[in-house]
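Dear colleague,

Please find below the structure that I am handing over to you. My notes on it follow directly after.

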Amino acid sequence: MHIALIGATGFVGTALLNELLQRGHRVTALAVRGVDAVASAYNPGWTHPDLHDEFLRGSRAITAGVKAAGVQRLLVVGGAGSLYVAPGVQLVDTPQFPAEWKNGALAAREALNLLRQESTLQWTFLSPAILLEPGERTGHYRLGTESPLMNGDQPGKISVADLAVAIVDELEAPRHLQQRFTVAY
């Protein structure tokens, strides 16, 4: 496939770029016209002074650009903050949620809600495990939907390399069109 990748130099984007190239895909950074799919690992940076608003501006621009280019497939990497930890309660709304990630998580939740209103794109939103860490590629992971995957009473985790595997697996064989999913070990 020919994949446009947004955020190719970030934590997730770098691992995703490597995975795409290892599987023989052609990757274009930022340009989207003429590609089969767009994978967005966009994040203006956790220390950006206007993280919330910049994240939403960027997310809206990406969706609009994908549509304007006539590309149908968009996979967005969001965060775990919008996963439901209890009926009607998302992780970002709990008192334990780290303050330094809250603005980004709130923006990612809003971006997901905007995608859920989108009917013309074949979109997918991927929320990583609560613990996203550097680590080796195993090629294995579990799938979930709206709630975090757990290991007993501990939050699930995944390496950024295996998150990239899950992203490319979804691009190659879509299973979550117009849906959010999550992955963890």
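Glu146 sits in the loop between strand 9 (142-144) and strand 10 (150-151); helices (H or I, at least four residues) and strands (E, at least two) are DSSP runs, numbered from the N terminus. The model is a predicted one, in which local features need pLDDT of at least 70 and side-chain atom pairs count only at pLDDT 80 or more, while totals for chains, interfaces and linings use all residues. Residues are numbered from 1 along each chain as its sequence is written, and side-chain values use heavy atoms, with hydrogens and water left out.

Glu146 counts as partly exposed because its relative accessibility is 24%; buried means under 20% relative accessible area, exposed over 50%, and partly exposed in between (1.4 Å probe, protein chains only). Leaving aside neighbours within four places in sequence, Glu146 is in contact with Leu83, Tyr84, Arg116 and Arg180, where contact means heavy atoms within 4.5 Å. From Glu146 to Glu19 there are 127 residues in sequence and 25 Å in space, C-alpha to C-alpha.

Glu19 is one of the buried residues of helix 1, together with Val12, Gly13, Ala15, Leu16 and Leu20. Seen down the helix axis, the buried residues of helix 1 fall within an arc of 165 degrees, so they line one face of the helix; the arc is that of the directions from the helix axis to the C-beta atoms. Their packing partners include strand 1 (2-6), strand 4 (73-77) and helix 4 (160-172). Just after helix 1, Gly24 takes a positive phi of about 85 degrees.

The largest pocket holds about 800 Å³ of space. Here a pocket is, on a 1 Å grid over the protein atoms alone, an open set of points where a 1.4 Å probe fits, with protein on both sides within 12 Å along at least five of seven lines; lining residues have an atom within 4 Å of a point. Grid points are joined across faces, edges and corners, and a volume is the space filled by probe spheres set on the points. Of the 34 lining residues, Asn43, Trp46, Gly78, Gly79 and Leu132 lie nearest the centre of this pocket. Helix 3 gives the most to its lining, with 4 residues.

The second largest pocket holds about 240 Å³. Its lining comprises 16 residues, with Ser59, Arg60, Thr63, Ala111 and Leu115 nearest the centre, and helix 2 supplies the largest share, 5 residues.

Yours sincerely
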